[in-house]
Amino acid sequence: LSPCSGLTHESHRKDVEQVYLRCSEGSIEWMYPTGALIVNLRPNISPASYKHLTVCIKPFKDSAGANIYLEKTGELKLLVRDGERSPSRVYCFGYDQGGLFVEATPQQDISRKITGFQYELMSKGMAADLHTASAPCRPCSDTEVLLAVCTSDFVIRGSIQNVTNEAEEQESIIHVGVNKLYRQKSKVFQLTGESGNWRGQIKTLLECGVKPGDGDFLFTGRMHFGEARLGCAPRFKDFQRMYKEAKDKGLNPCEIGPD
């Protein structure tokens with residue numbers, strides 16, 4: 001299979017295998033792991049750009065049978081321990097910090113054990129902009145909102161229909177009713193039902209304490225492992241104000257209809 005759609009690696013020898021992945025995102029599935037797997041991420045970009053890349057991996061929920069390390073010049077740093085259960089946890093590191101070394105753990109019975117994870121390569125600026133770094137729940141400044149409108153994977157005007165909290169995954173799912181769709185990278189927001197309303201779901205951290213409320217918001221954010229992740233989300237009336245003020249001063253970084 002193409003590494004972009006998921007690479008399946010089978011080995012029954014206690015050896016070290018090398019795998020080269022050229023895509024910027026995809027997944028690896030290693031069935032009945034024995035020995036070790038060296039994962040070389042080699043995207044089709046200039047090597048000079050490698051230092052600006054961040055690598056993120058998200059283990060499959062039922063991944064088992066191997067430890068995942070960050071390896072550089074023979075030194076190993078444990079990223080994911082075999083059997084560690086942290087649903088939805090994502091592990092990120094700079095591309096220049098090393099590669100991935102996946103080592104099978106000793107098993108009495110390796111049958112049915114499958115180690116797997118999704119991976120994404122992104123620019124360091126984009127990774128920081130996921131709004132989940134140092135202060136994931138703080139409100140965005142006017143400048144951050146206006147920039148998010150220009151650079152986000154999705155930008156919509158909508159209302160919060162409901163919020164579902166998932167304690168195990170430490171996440172909240174925001175069920176959004178869309179009043180205006182400015183942009184979306186993938187089809188997260190779709191027409192539903194006979195009424196012809198646009199709806200979709202956006203995920204954020206449980207600690208942010210999002211609750212259903214009246215009024216419209218401007219939702220922005222990025223796609224991360226196939227899910228819409230919340231970025232800046234000011235009330236729409238506040239966005240209208242900041243957009244008009246920036247436009248009057250000629251400072252808005254891009255044009256978008258605020259109505």
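Rings of Phe, Tyr and Trp (for Trp, its six-membered ring) are taken as an aromatic pair if their centres lie within 6.5 Å, and the pair is called stacked with planes under 30 degrees apart, edge-to-face with planes over 60 degrees apart, and tilted for the rest. By this criterion the structure holds 5 aromatic pairs.

The views below come from a predicted model, in which local features need pLDDT of at least 70 and side-chain atom pairs count only at pLDDT 80 or more, whereas totals for chains, interfaces and linings use all residues. Residues are numbered from 1 along each chain as its sequence is written, and side-chain values use heavy atoms, with hydrogens and water left out.

**View 1. Tyr69 and Phe101 form a tilted aromatic pair.** The ring centres of Tyr69 and Phe101 are 6.4 Å apart, with 55° between the planes. Tyr69 belongs to strand 6 and Phe101 to strand 9, so the pair ties together parts that are 32 residues apart in sequence; helices (H or I, at least four residues) and strands (E, at least two) are DSSP runs, numbered from the N terminus. Both Tyr69 and Phe101 are buried, where buried means under 20% relative accessible area, exposed means over 50% and partly exposed lies in between, for a 1.4 Å probe and protein chains only.

**View 2. Phe239 and Tyr243 form a tilted aromatic pair in helix 3.** For Phe239 and Tyr243, the centre-to-centre distance is 5.6 Å and the planes make an angle of 50°. The two residues lie 4 residues apart, about one turn of the helix. Phe239 is buried at a relative accessible area of 0%, and Tyr243 also counts as buried, at 4% relative accessibility. Together with Phe236, Phe239 and Tyr243 form one aromatic cluster.

**View 3. The buried residues of helix 2 line one face of the helix.** In helix 2 (residues 142-151), the buried residues are Val145, Leu146, Ala148 and Val149. Seen down the helix axis, these residues fall within an arc of 155°, so they line one face; the arc is that of the directions from the helix axis to the C-beta atoms. What covers them includes strand 11 (154-166), strand 12 (171-184), strand 15 (217-224) and helix 3 (236-249).

**View 4. Thr220 is placed in strand 15.** Thr220 counts as buried, at 1% relative accessibility, and its side chain reaches the backbone oxygen of Cys232 at 2.7 Å. Leaving aside neighbours within four places in sequence, the residues in contact with Thr220 (heavy atoms within 4.5 Å) include Ala148, Ser152, Phe154 and Cys232.

**View 5. Asp15 is placed in the loop between strand 1 (7-10) and strand 2.** At 19% relative accessibility, Asp15 counts as buried. Leaving aside neighbours within four places in sequence, Asp15 is in contact with Thr34, Gly35 and Ala36. The C-alpha atoms of Asp15 and Glu103 are separated by 9.9 Å, although the two residues are 88 residues apart along the chain.

Notes
A polar contact is a pair of N or O atoms within 3.5 Å; within protein, one must be able to donate a hydrogen and the other to accept it, and residues adjacent in sequence count only if both atoms are side-chain atoms.
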